[in-house]
Amino acid sequence: MADGHTTVVYDRDEASRNALANDGSTAVADLKELVGTLAKPRAVWVMLPAGAPTEDTIQTLSELLDADDVIIDGGNTFYKDDIRRAQELTEKGLHYVDVGTSGGVWGLERGYCMMIGGEAAVVERLDPLFATLAPGLGSIERTRDRTSTDDRAERGYIHSGPAGSGHFVKMIHNGIEYGMMQAFAEGFDLLKQKNSELLPPEQRFDLNTADIAEVWRRGSVVSSWLLDLTADALATDPHLDAFSGSVAV
């Protein structure tokens, strides 16, 4: 595995477990075997949908782990649930770290942006893990006049504060992200509809949205990774015929 890390993995889906085993992980059949296979002090990263799947898994793990072990929630848990869980797990001698994770399916290649909440000493213990998952300095120009002595933010991850703070920061991040996506969607729809037959002929423009997305990527103040993804989608499917217009849940 990357940077010499060893991992033990569990997923309810056997095919997913086997795929990870082929990548160098040790796959196990259940959570009890996972805990028994990991070396102490253990760090167990839970990556599940928020709500019951995460809650039930963390509850099960809390009954299997030993004092000083760490449970990491890398999903999109509501931050107040993190605060409650951290308090409950502390009573059992366990540590809890919440990691707001951004990067999507591309993170494996690009690195993941992480916003981390939890006890400072525990986050420091896990730093080699976060450093491997983060994108690193990369080619992004460094911010002028930045005076912070903590270079983790420049490398793509921060310790934002106590338990709950990581997912709180990620929640705000998601609100901004969805607002940006909505703005792009409405903007490109306006461009597309500018050729509508409902408009007077002299006001109709047959605009090439793929070219507009591409030119906005270069020097425009709205350039961003979300725009990069939009340009890529329009280049391969100019009318977005392959998109259903709804999101599976």
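I began with the second largest pocket and sorted its lining by class: seven nonpolar, nine polar and five charged residues. The model I am reading is predicted. I looked up the volume of the second largest pocket next and found about 660 Å³. I then asked which lining residues lie nearest its centre.

Next entry, strand E6. I located E6 at residues 113-117 and checked burial. Four of its five residues are buried, so E6 is largely enclosed by the rest of the structure. I looked for its partners. Strand E5 (residues 95-102) runs antiparallel to E6, and five bridges join the two. In this pairing I noted Met 115 of E6 as the bridge partner of Gly 100. Strand E7 (residues 157-161) pairs with E6 in the parallel sense, over four bridges. There I found Gly 117 opposite Gly 161 of E7.

Last entry, helix H3. I checked its length against expectation. H3 covers residues 52-64, and its 13 residues at 1.5 Å a residue should span 18 Å. The C-alpha atoms at its ends are 18 Å apart, which agrees. I also asked which residues of H3 are buried. I listed Thr 54, Thr 57, Ile 58, Leu 61 and Ser 62.

How values were computed:
Residues are numbered from 1 along each chain as its sequence is written. This is a predicted model: local features need pLDDT of at least 70, side-chain atom pairs count only at pLDDT 80 or more; totals for chains, interfaces and linings use all residues. Side-chain values use heavy atoms; hydrogens and water are left out. On a 1 Å grid over the protein atoms alone, a cavity is a set of points where a 1.4 Å probe fits but cannot get out, and a pocket is an open set with protein on both sides within 12 Å along at least five of seven lines; lining residues have an atom within 4 Å of a point. Grid points are joined across faces, edges and corners, and a volume is the space filled by probe spheres set on the points. Ala, Val, Leu, Ile, Met, Phe, Trp, Tyr, Cys and Pro count as nonpolar, Asp, Glu, Lys and Arg as charged, and the others, Gly among them, as polar. Buried means under 20% relative accessible area, exposed over 50%, partly exposed in between (1.4 Å probe, protein chains only). Two strands pair if DSSP finds at least two bridges between them. The expected span of a helix is 1.5 Å times one less than its number of residues.
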